[in-house]
Amino acid sequence: MAAEKLRDLSQPMDVALLDATVAAFYGTGSKEERTAADHILRDLQHNPDMWLQVVHILSSAQNLNTKFFALQVLEGVIKYRWNALPVEQRDGMKNYISDVIVKLSSDEVSFRRERLYVNKLNIILVQILKHEWPARWRSFIPDLVAAAKSSETICENCMAILKLLSEEVFDFSRGEMTQQKIKELKQSLNSEFKLIHELCLYVLSASQRAELIRATLATLHAFLSWIPLGYIFESPLLETLLKFFPVPTYRNLTIQCLTEVAALSFGDFYNTEYVKMYSIFMVQLQAIVPSTTNFVEAYANGNSEEQAFIQNLALFFTSFYKCHIRVLESVQENMNILLVGLEYLINISYVDDIEVFKVCLDYWNSLVSELFDSNHNLDSPAGVAQMMGLQMPMLPGMVDGRGSQLLLRRQLYAGPMSKLRLLMICRMAKPEEVLIVEDENGNIVRETMKDNDVLVQYKIMRETLIYLAHLDHEDTEKQMLTKLGKQLIGEDFTWNNLNTLCWAIGSISGSMAEEQENRFLVMVIRDLLNLCEITKGKDNKAVIASNIMYVVGQYPRFLRAHWKFLKTVVNKLFEFMHETHPGVQDMACDTFLKIVQKCRRKFVIVQVGEKEPFVSELLTTLLTTIVDLEPHQIHSFYESVGNMIQAETDPLRRGEYLQKLMELPNQNWTEIIGQARQSVDFLKDQDVIRTVLHILQTNTSVASSLGMYFMPQISLIFLDMLNVYRMYSELISTSIAQGGPYASRTSIVKLLRSVKRETLKLIETFLEKAETFTDKAEDQQHIGKQFLPPMMDHVLGDYARNLPDARESEVLSLFATIINKYKGTMIENVPRIFEAVFQCTLEMITKNFEDYPEHRLKFFSLLRAIATHCFPALVHLSSEQLKLVLDSIIWAFRHTERNIAETGLNLLLEMLTNFQGSEFCNQFYRTYFLTIEQEIFAVLTDTFHKPGFKLHVLVLQHLFSLVESAALTEPIWDTATVPYPYANNGMFVREYTVKLLSSSFPNMTATEVTQFVNGLFESKGDISSFKDHIRDFLVQSKEFSAQDNKDLYAEEAAAQREKERQRMLSIPGLIAPNEIQDEMVDS
């Protein structure tokens, strides 16, 4: 009864009853009471007339949560329906909210007591302002400033409103408002800032109230980043701020304001003011904390305010130096205070707090990058020499005016840069390749999970250290070798010290000239090997082993040039492969693979002083080397040896090596198949199944590195492997048929399915890699003829016959690979593939969005391969089958799993393009155009599919361009059901789209929707303005407000990343040698 009374909004609401309902929802009553209250509140919130009761509720409610509930309802109306409300209702609400704020904030007691409520009212007011100001509420800023002067508490609240307004317009506007609206608000704030500026200065000079001064400083902080510079430098503002800096209560807020000023950069006009500000600041700072302060201890023992001050100090220095360091470099007296400031920043960089360190690191990276660039671009032999990492003496006459300037600048920074090198070496982050870490209990263990933050930090530190190395190779080398020497004599030996040092040594790979790198590495590797010999203790040895492996893995160029070192290192890795400490064997196998990939040719030629190639010697002792390795490590080892064999150019020798490598797996395979011929039951033994799996995995590893050269081996086992596949498949189906769905989770069925999957993976790997090593069409055809026919029944037929739980998704990816590889020649096989996989897979994946995730993605990848390479086969499908294909594509791009949705959209784009160029263009688009348009708009505007934005835009662009092109020669509307004869397809689609969007977005006016649709047609020729137009619509429709909209800008971000990669490739060492796909694999 009470619920019905509340839901009846035809009369004023019983606020006491609403108070009781809200109290029940937040209270500690029974679960039923809370659920009932929840239902009532939800119904009220969704009622479009509920907002008309808001004033009544706010003036009568006793419960604060009830007021918040009413404001939540109002916020929804302001966001989504404000412009559709009558003028008198808008004005009434605007005036009411303003009055309540003034009333509550004019009295000190009520203002402090109702602070949370006032804050929420402020937010509501700012939401209204975003619609009303400046056009419909021109006097807002003058009114606010006038109210602020009437009382100190009102003034404090006005500051809070101004701060919110600034943040809404400048910080959170992207994706919240259209570009035009943002521009309008920014211009209004700029033009009316004079009043705000005067108010702030007045408060700071006249008020004694700490809360008001703090509120004013906080508001200034929000405004300083965008206000006209004259208000800062041509007024007493800076002077006032610097007076507040020594006062502990205001110190943090003041330094935040000074940091905003420091971050501004508009030419050289205010350089003198900046130098003056910095000088006064440094004098005051040295009185507060001397530069000799131990910031590590100060931070560790400080309270939250003191810690925040150290972090703010780092932000101030980094912001100031990023924009104005060149001003301080120009005069001697300024240089001294610059060096003192850099000393502060280096000391702060040692603070054990990741956020503080990130701030410092970001600046150090930009500084050394800029110092390097100015030397790098110096147009003289010395500049080129430095770029190449050579230490050339300066010749007389070489240094002109610009050169001497640069030389002075390098000398100025030599001291700080040397200290910075030590900092980078001491704090180097862990690279991805290192698997051995110290846990929280101080034990050395294998890493179980990658820490992405650490990897990002490593990349920035590595780049910084490479620039530092380029600036002075001698100092870099000296500092590293000195630290390593201390490790050897035990003076400075700790796991962390050795780790960071070796990670730093590994990270500068590629930055030195070859001769210098050789000299440096000979000493490093020699010292590390000695350290390994003389150090006792299993954990210590594991740490040293991991560091040796990391360092040698980073320097392939050195190893290629020094066979003796390469051989010593590889033999050391073989030694580590017997070390059972967690992580050591894994790292040894990973490093071995990395080295072989970069030095493969060195292992198949007879080196000076050797009787035979290393690979030959290795194959002789293979069993002894891998005896202690786990199966997955053995597979990695086999892949490494496969890489060596692939480098052998003599086919006869290559065949011998392969035969020798596969001797053990083949021997086991032959025994198993021989036993199976006598009794099939032998294959059902779990140990035998595991052995079969291990053999297949070993084959896959070798196939991945040998490609086409793996042909003799796969031919040897292929037919027997398919028979085992078929037999295991039947076993699985029988188990599932007898044991029901739970049978698929038993260990025996899981094991059998692993064998099936590995068989498919082996074939797919071989076919994929075969094209890497052969371009001959006859080779490709030969492989196709040999392998395809047996697979049609054994693999495809088996897939169709199986129960859904027994079908392997790898079948779909295998045939996608085959079609991508053999392209048009597969057209005649497509009907057979369709028949086997299409209907039965669709039945599996269209019941819901969760089951069979692997099948989903691979099914659409297969469809895409067919659409791309065998399009004629799609055209010949029956209309029912084609509809099924289209439905499945729509179903794919509706999926919230990003990669499935993207595969579906890419497939749709290819099909649209192919059909546009085919004779069935009119027929296809008449049937599907409107469906596709409607479905694309649905996912474009529902906020669950933001990552697909780029592809949604491309599909819409294609559709809107198509209807006004010559490709369509017939109407796409159904002339039987649409009586009105449109002049052309363009007119029809315009009207249809306006109707579609108007019904989907009732909060938008007909004019807004029509403008948007007309804009789509006008901008369709330019993808970037077409995209911007759609972004603005998404904001205007309020579908994408107050959310993370970075996916709408993903394409622009990707272009920026590629540009950055090209820049990094131009600087030696910035991209690690082992990450570059080089052809210098073994000259």
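A salt bridge is defined here as a side-chain nitrogen of Lys or Arg within 4 Å of a carboxyl oxygen of Asp or Glu. The model is predicted, so local features need pLDDT of at least 70 and side-chain atom pairs count only at pLDDT 80 or more, whereas totals for chains, interfaces and linings use all residues. Residues are numbered from 1 along each chain as its sequence is written, and side-chain values use heavy atoms, with hydrogens and water left out.

Q: What is the mean pLDDT of the protein chain?
A: pLDDT is the predictor's confidence in each residue, on a scale from 0 to 100. In this chain, 90% of the residues reach 70 or more. The mean pLDDT is 85.

Q: How many contacts beyond four places in sequence does the model have for residues 379-399?
A: A contact means heavy atoms within 4.5 Å. Over residues 379-399, pLDDT stays under 50. The number of such contacts in the model is 25.

Q: Which residue forms a salt bridge with Arg 409?
A: In this pair the closest N and O atoms are 2.8 Å apart. The pair links distant parts of the chain, with Arg 409 in helix α23 (residues 401-426) and its partner in helix α21 (residues 354-376), 39 residues apart; helices (H or I, at least four residues) are DSSP runs, numbered from the N terminus. Arg 409 is buried at a relative accessible area of 7%, where buried means under 20%, exposed over 50% and partly exposed in between (1.4 Å probe, protein chains only). The partner, partly exposed at 27%, is Glu 370.

Q: Which residue meets the side chain of Glu 610 in a salt bridge?
A: The N to O distance of this salt bridge is 3.1 Å. Glu 610 lies in the loop between α31 (584-599) and α32 (614-620) and the partner in helix α30 (residues 563-576), so the pair ties together parts that are 43 residues apart in sequence. Glu 610 is partly exposed, at 22% relative accessible area. The partner, buried at 19%, is Lys 567.

Q: Why do the buried residues of α36 lie on the same side of the helix?
A: The buried residues of α36 are Pro 665, Asn 666, Trp 669, Ile 672, Ile 673 and Ala 676.

Q: Which exposed residues does the face of α36 turned away from its buried side carry?
A: What covers the buried residues of α36 includes α34 (631-646), α35 (651-661), α37 (686-706) and α38 (711-739). The face turned away from that buried side carries the exposed residues Thr 670, Glu 671 and Gln 678.

Q: Is Leu 877 buried or exposed?
A: Leu 877 lies in the loop between α44 (871-875) and α45 (879-893). Leaving aside neighbours within four places in sequence, Leu 877 is in contact with Phe 834, Leu 882 and Val 885. At a relative accessibility of 16%, Leu 877 counts as buried.

How values were computed: Helix = DSSP H or I, 4+ residues; strand = E, 2+ residues; numbered from the N terminus.
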